[in-house]
Amino acid sequence: MSHLVTGIGQLVTNDPAIGDGSELGLLENAALVIENSSIAWVGNAAQAPAADQVTDLAGRTVIPGFVDSHSHLVFAGDRAGEFAARMTGEPYTGGGIATTMAATRAASDEELLTHVTSLLAEMRSQGTTTVEIKSGYGLDVEQEARALRIAAQVTSEVTYLGAHVVPPVMRDRRDDYVRLVAGEMLEACAPHARWADVFCEPASAYAFDGDETRTVLKACAAAGLELRVHGNQLSEGPGAQIAVELDAASVDHCTHLTDDDVAALGAAGRRIDQENPVAGTVATLLPGVEFSTRSPYPDARRLLDAGAVVALASDCNPGSCFTSSMPLVMALAVREMNMSPAQALWAATRGGAIALRRSDIGRIRVGARADLAVIDAPSYVHLAYRPGVPLARAFQS
C-alpha cells in the first residue's frame, strides 16, 4: 500500500541534491510517498503521484526522525536526590552509578522491559525514531547479558557497556574486573550486541584509564563488536585520541578537548564517507549532561570548524541526564554550544545516523527508511525557537 504525505509546508531532507541545495536540503510546499516503510517519492506537492492513502499535514514541517545515538534506558530506580544535590553545588563524579546498579539488579525482566518501553514511547512522542541503548547498570556477567537481551527486544542498536564503572565489590581489584569485562563477560554479551563502549575517564575514580580502555576495546573488536567511547567528559584525557586510533564510530561527551584532540577529530571527520559511513569517528555531544550536572558546555563550533562530524544525543539515563527530549538537546546546543539551528538539526538526525554508521536513516530521499517526525510549526527553527514546547512527534504511517 502506498501512502502520500502532502501539505508539508517545509520538508527537511538532509540531502543537498533535493530542494534548495543546502546541507538540510529544504523543500517548500512538499510531499512524499511511502511504500513498504521506505520513501518511494519526494517532490513538490503539486506534482505528487496518486496513492492508496493520503495524509494532509496542513502546512506543518517534516524532518527525518531524530536519531538518538547514546542512551542508557535499561535501568531501575531513581536518583532525583542526587540531581537536587548537584543543583546546590555537589560535583558530578560518576559514583552514583552504583546506586542504579543495585536497583537494576533487583528489578525483574518484566519491570525493566516495561520501563524501557515507556521511555521509548516518550521519545517517539517527541520525534525520535531510532535509539541506541547501552547496558552498564548490571556490571556482572549475568546482569550485563540480561540488560542487552532486554535492549535487543526494542532496538537493533545495542551496546555492551560492561566497562561503565568498576563495581563497588571490585574497586580493590580493578585488574580482575578489566579481565572479566574483556573475557567472560564479553563472551556472554557479544551475541546480544552490535557495539561495545568504555567510560574512559581517568579523572573519575570509578571509570577507566587509557590502558584499561584499550584493553577492553581491542578485546571487543576481536569479538566482532564495533566500537564507541565515552570520553573527555570530566577532564582532558585519552578518550578522544583512543577512539580515533581504534576507528571507533563515535566518541561521546567531548566536553574537555585539547587542540590535538580537536585536530584528530577533524581529520577523522574528513575521512567519513557520508554516503557509506563505515569508518571514521564522530564527535557526539550530549548537552543535556552539562545542563543536568552544572558542567561547562563543549564548543561545537570549534569541532565543526576543524572538520569534525558532530552528532547530538540525549544520554538519557537516571543520573547525569534524565531527559528523553531531542528537541531540548537541540535547543541547548543552539543556546550554549555555538551551533546554528540548522547545524543542531543536522547533528540530531543525520549526524546521529552517521554515528551509528547508518545510511538508511537520518535523511529523507528515495530508498531511505520512512522514519519521519512532524513538527507542529512552519519551520524546523521552531524546535530551538520554542524550547520546552511539545512540537515534535514521530509520524505513524
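Tutor: Bear in mind that this is a predicted model. Leaving aside its neighbours within four places in sequence, Leu312 is in contact with Val67, Leu285, Pro287, Met326, Val329, Met330, Ala333, Met337, Met339, Ala344, Ala347 and Ala348.

Student: What makes these pairs count as being in contact?
Tutor: Contact means heavy atoms within 4.5 Å, and Leu312 meets that cut-off with each residue in the list, including Val67 and Ala348.

Student: Which residues touch the most other members of the largest nonpolar core?
Tutor: Tyr160, Leu265 and Leu312 do, in a core of 98 residues. Helix 13 (residues 341-355) gives the largest share of this core, seven residues. There is also a second, separate core of 17 residues, with Val5, Leu11, Ile18 and Leu372 among them.

Student: Why is Glu212 called buried?
Tutor: Its relative accessible area is 10%. Buried means under 20%, so Glu212 is buried. Glu212 sits in helix 7 (residues 210-222). Apart from neighbours within four places in sequence, Glu212 is in contact with Arg174, Val178 and Ala207.

Student: How many residues line the largest pocket, and which are the closest to its centre?
Tutor: The largest pocket holds about 450 Å³ of space. Its lining has 26 residues, and Arg124, Thr129, Thr130, Arg369 and Asp371 are the closest to the centre. Strand 7 gives the largest share of the lining, four residues.

Student: What is the make-up of that lining by class?
Tutor: The lining has nine nonpolar, twelve polar and five charged residues.

Methods
Residues numbered from 1 in each chain as written. Predicted model: local features only at pLDDT ≥ 70, side-chain atom pairs only at ≥ 80, totals over all residues. Heavy atoms only, no water. Core = buried A, V, L, I, M, F, W, Y, C linked by side-chain atoms within 4.5 Å. Buried < 20%, exposed > 50% of the residue type's maximum accessible area, 1.4 Å probe, protein only. Helix = DSSP H or I, 4+ residues; strand = E, 2+ residues; numbered from the N terminus. 1 Å grid on protein atoms, 1.4 Å probe; cavity = no way out; pocket = protein on both sides within 12 Å on 5 of 7 lines; lining within 4 Å. Points joined across faces, edges and corners; volume = space filled by probe spheres on them. Nonpolar A, V, L, I, M, F, W, Y, C, P; charged D, E, K, R; others polar.
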